[in-house]
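Work through the exercises below with the sequence and model in view. Each task is followed by a stepwise solution.

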Amino acid sequence: MDFLGFQLRNNLFVAPMAGVTDRPFRQLCKKLGAGLAVSEMVTSNSLLYGSAKTRRRADHAGEVDPVSVQIAGADPAMMAQAARHNADNGAQIIDINMGCPAKKICNVMAGSALMQNEALVAKILEAVVAAVPDTPVTLKFRTGWNRENRNAPRIARIAEESGIRAIAIHGRTRADQYMGCAEYDTIALVKSQVGIPVIANGDIGTPQKTRFVLDYTGADGVMIGRAAQGRPWLFREIEHFLETGELLPPPRVAEIHDILRGHLADLYAFYGEDTGVRIARKHISWYTKGLAGAAGFRHAMNQMQGVDEQLSATDEFFLGHAAANEHLQYEDRCAEQVPEMMAA
């Protein structure tokens with residue numbers, strides 16, 4: 001897929017997720033089939049550029065091109081400065097966050113809160129685009145502030161007029177947070193009204209759902225977030241289905257064990273052992289979600305402090321499951337939405 005002058009493996013994007021899409025996770029998803037992975041949100045506050053957290057979030061060493069970095073803020077000048085800073089430090093695409101519904105972001109009028117102020121949206125987009133004329137700028141936002149104010153079509157037109165090169169839309173409003181199921185009618189409407197690429201996001205967790213969303217919205221690609229947590233091989237499953245119309249068999253437990261083992265090693269190396277162990281807990285929890293004995297395993301895992309103890313417990317858990325079951329099955333939380341929408 002040609003995307004903003006870059007040749008991508010496919011049109012499957014990893015959504016930026018705070019505390020999740022660090023470099024180890026982005027690299028793993030790309031290895032397992034994602035075409036592009038957007039970084040965690042980086043603050044536009046220049047005072048934080050030197051913090052350890054921000055430096056890690058901006059660490060792209062060895063990452064497969066293109067490197068896409070998401071910035072967040074509400075001040076046009078600061079956002080422009082953040083764009084320049086990240087472009088100077090290896091970002092090949094700058095993505096602007098207007099989709100995060102978190103209170104700590106919206107309370108400072110950043111993230112999806114910006115959708116309430118279309119004039120400010122235009123100023124931010126124009127400032128960022130002007131600040132990095134040689135770097136493509138993209139925008140991620142929601143369908144609106146609430147269900148009574150679904151202004152995504154207006155935001156999309158503002159984006160296109162401001163020089164934004166592509167947009168990603170989450171099929172919920174800010175007020176929806178992550179409740180209920182995403183809707184795709186607004187995304188389809190936006191796609192019909194703009195000439196730049198549109199990426200659909202929200203409740204895409206199976207190959208079949210991906211095919212449906214692409215057909216229903218006419219979107220140029222899909223962006224997958226929570227469904228890939230603990231399941232990074234989802235991208236290769238979707239890629240195979242879109243290419244062949246056939247489903248890959250579920251991965252063997254032994255392969256999942258190997259993937260997790262490699263992921264943990266990368267986390268320990270990236271964060272250091274102490275922080276790496278803490279970060280690894282949530283990933284282990286996602287990898288084991290829905291498996292027999294997982295609740296007790298996760299509770300015990302949260303008490304473990306060292307790498308050796310964490311790895312030993314992980315090995316014991318997966319080796320036990322591999323002996324009893326060759327494959328694992330996963331379900332899509334919103335799969336039941338597809339036939340209803342098809343009938344609409």
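**Exercise 1.** Determine how helices H12 and H13 are oriented to each other, and which residues meet between them.

*Solution.* Step 1: take the elements, where helices (H or I, at least four residues) and strands (E, at least two) are DSSP runs numbered from the N terminus. H12 covers residues 294–301 and H13 covers residues 307–324.

Step 1: classify the angle (under 35 degrees roughly parallel, over 145 roughly antiparallel, 65 to 115 roughly perpendicular, the rest oblique). H12 and H13 are therefore roughly antiparallel.

Step 2: list the contacts, meaning heavy atoms within 4.5 Å. Ala294, Phe297 and Met301 of H12 meet Gln310, Ala313, Thr314 and Phe317 of H13. This contact has 5 nonpolar, 2 polar and no charged residues, where Ala, Val, Leu, Ile, Met, Phe, Trp, Tyr, Cys and Pro count as nonpolar, Asp, Glu, Lys and Arg as charged, and the others, Gly among them, as polar.

The model is predicted: local features need pLDDT of at least 70 and side-chain atom pairs count only at pLDDT 80 or more, while totals for chains, interfaces and linings use all residues. Residues are numbered from 1 along each chain as its sequence is written, and side-chain values use heavy atoms, leaving out hydrogens and water.

**Exercise 2.** Locate the salt bridge of glutamate 63 and lysine 30, and state whether the two residues are buried or exposed.

*Solution.* Step 1: apply the criterion (a side-chain nitrogen of Lys or Arg within 4 Å of a carboxyl oxygen of Asp or Glu). For glutamate 63 and lysine 30 the N to O distance is 3.3 Å.

Step 1: Glutamate 63 is in the loop between helix H2 (52–57) and strand S5 (68–72), and lysine 30 is in helix H1 (residues 23–31), 33 residues apart.

Step 2: assign accessibility (buried under 20% relative accessible area, exposed over 50%, partly exposed in between; 1.4 Å probe, protein chains only). Both residues are buried.

Step 3: Arg26 joins Lys30 and Glu63 in a network of salt bridges.

**Exercise 3.** Describe the salt bridge of arginine 211 and aspartate 215.

*Solution.* Step 1: the N to O distance is 3.1 Å.

Step 1: the residues lie 4 apart in helix H8, so about one helical turn separates them.

Step 2: arginine 211 is partly exposed at 32% relative accessible area, whereas aspartate 215 is exposed at 54%.

Methods. Axes fitted to C-alpha atoms, helices over the stretch in contact; angles between N-to-C directions.
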